[in-house]
Amino acid sequence: MINLTLLGATGSIGQSTLSVVDLHPQTFNVFALSANTNWQRMLSLCEKYQPSFAVMTDEVAAEQLSQRLQNDTTVLSGAKALETIASHTYTDQVMAAIVGAAGMASSLAAAKAGKRIMLANKESLVLAGDIFMQAVKDNNAELIPVDSEHSAIFQCLQGGVSGLNKIQLTASGGPFLHTPLSKLTSITPDQACAHPNWSMGRKISVDSATMMNKGLEVIEAHYLFNLPAEKIDVVMHPQSIIHSSVYFDDGSTLSQMGNPDMRTVISYAMSYPDRISSGVPALNLTKNSPLEFYPPDFNKFSCLRLAFEALKQGGSAMGTINAANEVAVASFLDEKIKFLDIAKIIEKTLEISNHFYPTCLSEVIENDRTARLIASKLIQFYV
Ligand code: NAD
Ligand code: MG
């Protein structure tokens, strides 16, 4: 049995991971689960999967959970406990599916403990890519992407990187691909979260609507595949059938296709290098035609432009845009600022923040904290 630690068990990726586990009960044992505040959902997960550990980051929620749990599951609380279960001796695989910078320390703990890390939390790489990749290398950890684009590229590169010319991330364009910029001023959170192809958590759904998600993914790809910004391309593909492509010097292009369902990506990460069933139906190409492709509009989707800029600046710039984005998206979801203000706040935060090259985790964390403060102050001018 493979012992699985699932960080972010109550989220969208968490739920899809458990549905893959349900198909393979003889192969995967749910060893530990984590969630932030939703103890009710965690209670039912603990009753079903009987994990050895359940972590609630929120202390009050942990208390509520432990009062009601009738089994042998040990309940832990606080952010440090995430690191405990991620690096536990009995943990074989860690699904890192916490949203935002809050997922960084536990992903890093899994890397330092030499685990198989199935990384959905792309923010870990955006914030601390150099430190994270070094920890993976130093500790012989196995890093498998859990992002449809990066999984596609990872799959296309199984034959090696000889003659690799560039990679190309596909982007659906989210709900506003064909909406003119002038109409984006009055977008509501529910409209922004109504993704045409993928069902996801609210933060990443807004990121998809602004295309900051693709921007974060460009940075994620830079670290995962060790490529400079010039070798990372983005193409709009509204059907989300081609998940990404790699281009070789000999004129060959390899793409990975499938229905837009994260269970394919998750099951591949859990079973790599083998493949197991995921519950996702086979692709029917005739039902999805025609497949369309367009160049991205960097003027309308200025978050994508800002992410490329941050990658080219390097160092703290990437953590800065990530922090400003998290603060701005939360304010937008709270209906405090407008949709188009998100990019303005990120751009201004990047402009004001000190640029430097973090050499340790505490500098990364300090930069994240400062950028959040700057973004929060800027937001006051927009509310
Ligand atoms: P979600 O909002 O549905 O779930 C987030 C999970 O993180 C929940 O279990 C929540 O309890 C936990 N969490 C939230 N804040 C926390 C905190 N401060 N401390 C500890 N735990 C906390 O998000 P999601 O859509 O499942 O996305 C999770 C991650 O996967 C994100 O980094 C996202 O970018 C990435 N991702 C998601 C998808 C997708 O299809 N949903 C695809 C690719 C990558
Ligand atoms: Mg993606």
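1. Start with one residue pair. Ala96 has Leu119 in S6 as its bridge partner. Note that the model is a predicted one.

2. That pair belongs to a set. Strand S5 (residues 93-96) and strand S6 (residues 116-119) run parallel and are joined by four bridges. Helix H6 (residues 123-138) packs on the sheet and touches S6 and S7. The direction of H6 makes about 165° with that of S6.

3. Now the whole sheet. It is open, with seven strands in the order S4-S3-S2-S1-S5-S6-S7. The pairing is parallel. Strand S4 (74-77) and S7 are the edge strands, and each pairs on one side only. On average, neighbouring strands are turned by 20° against each other, direction ignored.

4. Asp147 and Glu217 are both buried.

5. Last, a helix pair. Helix H1 (residues 12-23) packs against helix H11 (residues 262-271) at an angle of about 60°. Their axes are 9 Å apart, and the crossing is right-handed. H1 contributes Ile13, Ser16, Thr17, Ser19, Val20 and Val21 to the contact. H11 contributes Met262, Arg263, Ile266, Ser267 and Met270. By class, the contact of H1 with H11 has six nonpolar, four polar and one charged residues.

Key: Residues numbered from 1 in each chain as written. Chains lettered and ligands numbered in written order. Predicted model: local features only at pLDDT ≥ 70, side-chain atom pairs only at ≥ 80, totals over all residues. Heavy atoms only, no water. Axes fitted to C-alpha atoms, helices over the stretch in contact; angles between N-to-C directions. Helix = DSSP H or I, 4+ residues; strand = E, 2+ residues; numbered from the N terminus. Left-handed = near helix turned anticlockwise from the far one by under 90°. Contact = heavy atoms within 4.5 Å. Nonpolar A, V, L, I, M, F, W, Y, C, P; charged D, E, K, R; others polar. Buried < 20%, exposed > 50% of the residue type's maximum accessible area, 1.4 Å probe, protein only. Pairing = 2+ DSSP bridges.
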